[in-house]
Amino acid sequence: MLKPTLVFSDLDGSLLDHHTYSFQAARATLTKLAAHQIPVIPNTSKTFAELMVIRTQLGLTSPFIVENGAAVYIPDHYFREQPDACVHRAGFWVKEFTTPINHWLGLLNTVKPKFAGQFTHFSNMSVQQISEITGLCHTDAKHAATREYAEPIHWTGTEREKQAFVEALQVLGATCLQGGRFLHLGGRCDKGQAMLWLQQEYSRQHSGLVQRTIALGDGQNDVAMLDAADIAVRILSPVNPPPTINKTQNVFTSDSYGPQGWAECIEQILFVQK
């Protein structure tokens, strides 16, 4: 009998291949998790519009977390009652952890003159440009452009100037998180805060049952989630070093990239007989 478990997963570069966005290598493990009634909860920088497509492809009916912890979306009636401090929208109970994107775009415009020519960002890019820089098809790039809370920034300047850029935005009250491809500008929220809130809600809705958390990610924007989880899994990336985390116990690092490494670690943690 498996201990009650919640699996929180980054998508790009983790459950989805960094280059192809395929999850084929993890398909069998996803099926096994579903058979054991273990929820797989995307915790991603992606948007609500993107998740509407991806969760269907993955066969998921669980809640999900968008835009680096900006909001948790819980399907109607997934729990026995609507969680506190949630709004109802588009068939979901939504818990927001930050203000809408226009506030952060305003701050970005404040610092933009000082760093002119060193970055571009989604709100300034066409769908075709987003498609070219991400490798997404036109439809998926259109979904990626529908930002509600946070803005992906493609930095082209030096690392030194990027640090100055990040510091300038932090002074204004913003947070910048480095993902697998982009620097993400938003509020003081993160994947870890959103994960812990949802874990507590699972426990509250199931008569105090505490589920252990497994978190899987490949980028620095996954650090808060990995540190807060009971078990942290760092997924090897073909383009970035593994995220640097503070947690030292119950930490796994995959031997393979992306979804193959994802499946390898889930199988080792949950299904290999000890």
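I count Lys and Arg as positive and Asp and Glu as negative, leaving out His and the chain ends. I place each charge at NZ of Lys, CZ of Arg, CG of Asp or CD of Glu.

**Ground rules.** The model is predicted, so local features need pLDDT of at least 70 and side-chain atom pairs pLDDT 80 or more, while totals for chains, interfaces and linings use all residues. Residues are numbered from 1 along each chain as its sequence is written, and side-chain values use heavy atoms, without hydrogens or water.

**Charges.** I looked up 22 positive and 25 negative charges in the chain; their mean positions lie 2 Å apart.

**Whole chain.** I found nine helices and 13 strands (DSSP runs numbered from the N terminus: helices H or I of at least four residues, strands E of at least two). The C-alpha atoms fill a box of roughly 60 × 40 × 35 Å along the principal axes. Of the 274 residues, 53% are buried (under 20% relative accessible area, 1.4 Å probe, protein chains only). Among contacts with a separation of 6 or more, 59% join residues 24 or more positions apart (contact: heavy atoms within 4.5 Å).

**Asp218.** I then went to Asp218, in the loop between strand E11 (212-217) and helix H8 (223-228). Is Asp218 buried or exposed? Asp218 is buried, yet has no salt bridge (a side-chain nitrogen of Lys or Arg within 4 Å of a carboxyl oxygen of Asp or Glu). The nearest side chain of opposite charge is Lys191, 6.8 Å away. Leaving out residues up to four places away in sequence, Asp218 touches Asp10, Asp12, Gly13, Ser14, Ile235, Ser237, Pro241 and Pro243.

Terms used: Buried < 20%, exposed > 50% of the residue type's maximum accessible area, 1.4 Å probe, protein only.
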